[in-house]
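User: Hey, I'm new to this one. Can you walk me through it?
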Amino acid sequence: MPDGIYYADYLQLDKILGAQLPESDKTAHPAHDEMLFIIIHQSYELWFKQIIHEMTWVRDSFLNPINDNSPAMQVAVHRLRRVTTILSLAVKQIDVMETMTPLDFLDFRDLLRPASGFQSIQFKIVEAMLGLRMEDRHAGNYYISQLRAADIQLIQKAEKEKSLLELVNAWLERMPFFEQPENWNAHQPVSNPMEHVFWKEYRETYEQSLVREEKENIRFFDSVFFQRDENEKRKLSPKACRSALFIMLYRDYPLLQLPYQLLNILLDIDELLSTWRYRHVNMVQRMIGTRVGTGGSSGKNYLRAALDKHYVFSEIAELTSFLIERQHLPTLTSELEQRLGFVKN
């Protein structure tokens, strides 16, 4: 055998392949499908570890001002896209799980109590890193009651750090294109963004695009982008929302391509997590019907409620409510077009 590192040693296969210890093997009736159940969930945890690894790099990059067209932004988009690919695989793994029938699961299900996938600390750290906070979770008391004290502290530690949602908000607020008055070329800031020529024109065009049943949307428009009610709890500031909308509208300009990809990937992450939860709801209903989960939850009812509540980037998604057709977009100044990547001859 040649010198150097050995495949099995490098991957520590003795530890990995020796980590499947079915509870049913301790009984008189070993359950064949428990091995599948364990391996699938171990695979999930390995993928969650990789997601945390990728998101830690992205979060650390955004802790300092990041140039919208820099190598760091390129890498951030690439690594977040890797996260979406992993989440797509996580959704597909449910196909393998569903080769196990309800009777196959019942052979060992009661041996798992009170353990539950609900107790996956890594998954909850992923959610916290994205921006889902304890107070925003469905059935928060149950959420805490099922975890060990040390695990609760791990999640609380993750929640004290800047989330990706908070960092994206700060990044969007730094976008410099609307710090000028109506002529776009003077060098004094605009005190009221609603007075900026671009937003005045855009708001008017948007209002004209609304059909009769949508006329009340203009109040929502003002609330999202300008006059925020102090009692209204939103995660993205008006300034960040204006920047995100501008990126969506003018995404074809080179400088805005990466920022647009970043925003789109965040929506992909939300959608894939939602799809994963939806598939999980259907699988649980198929496997146990109306019975409670092994961890004591209400089973499919809990999962369905969490599905509706646990979106992280919904405020970015709802900005599509305020898009207008390309042919009606306000014309940008030549100076701004140059800054965004095109130069007029």
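Predicted model: local features only at pLDDT ≥ 70, side-chain atom pairs only at ≥ 80, totals over all residues.

User: Good to know. How many helices and strands does the protein chain have?
Analyst: The count is 16 helices and 0 strands.

User: And what share of the residues is buried?
Analyst: The protein chain has 345 residues, and 45% of them count as buried.

User: Okay, switching to charges. How many salt bridges are there?
Analyst: Searching the whole structure turns up 18 salt bridges. As background, oppositely charged side chains can pair when their charged atoms come close.

User: Which residue does Lys26 pair with?
Analyst: Its partner is Glu23, and their closest N and O atoms are 3.0 Å apart.

User: Is Lys26 buried or exposed, and why?
Analyst: Lys26 counts as exposed because its relative accessibility is 63%. Glu23, at 33%, is partly exposed.

User: Which residue forms a salt bridge with Arg234?
Analyst: That's Glu315, with 4.0 Å between the closest N and O atoms. Glu315 sits in helix α15 (residues 314-317) while Arg234 is in the loop between α11 (217-225) and α12 (238-249), so this pair ties together parts 81 residues apart in sequence.

User: Are those two buried or exposed?
Analyst: Glu315 is buried, at 12% relative accessibility. Arg234 is buried too, with a relative accessible area of 17%.

User: Which residues are linked in a network of salt bridges?
Analyst: Lys92, Asp95, Glu98, Arg279 and Arg286 are linked that way.

User: New topic: where does Arg133 lie?
Analyst: Arg133 is in the loop between α6 (121-130) and α7 (140-145). With a relative accessibility of 11%, Arg133 counts as buried.

User: What is Arg133 in contact with, leaving aside neighbours within four places in sequence?
Analyst: The list is Ala128, Glu159, Glu161, Ser163 and Glu166. A polar atom of the Arg133 side chain lies 3.0 Å from the backbone oxygen of Ala128. The side chains of Arg133 and Glu166 are joined by a polar contact of 3.4 Å.

How values were computed
Residues numbered from 1 in each chain as written. Heavy atoms only, no water. Salt bridge = Lys/Arg side-chain N within 4 Å of Asp/Glu carboxyl O. Buried < 20%, exposed > 50% of the residue type's maximum accessible area, 1.4 Å probe, protein only. Helix = DSSP H or I, 4+ residues; strand = E, 2+ residues; numbered from the N terminus. Polar contact = N/O pair within 3.5 Å; in protein donor to acceptor, adjacent residues only side chain to side chain. Contact = heavy atoms within 4.5 Å.
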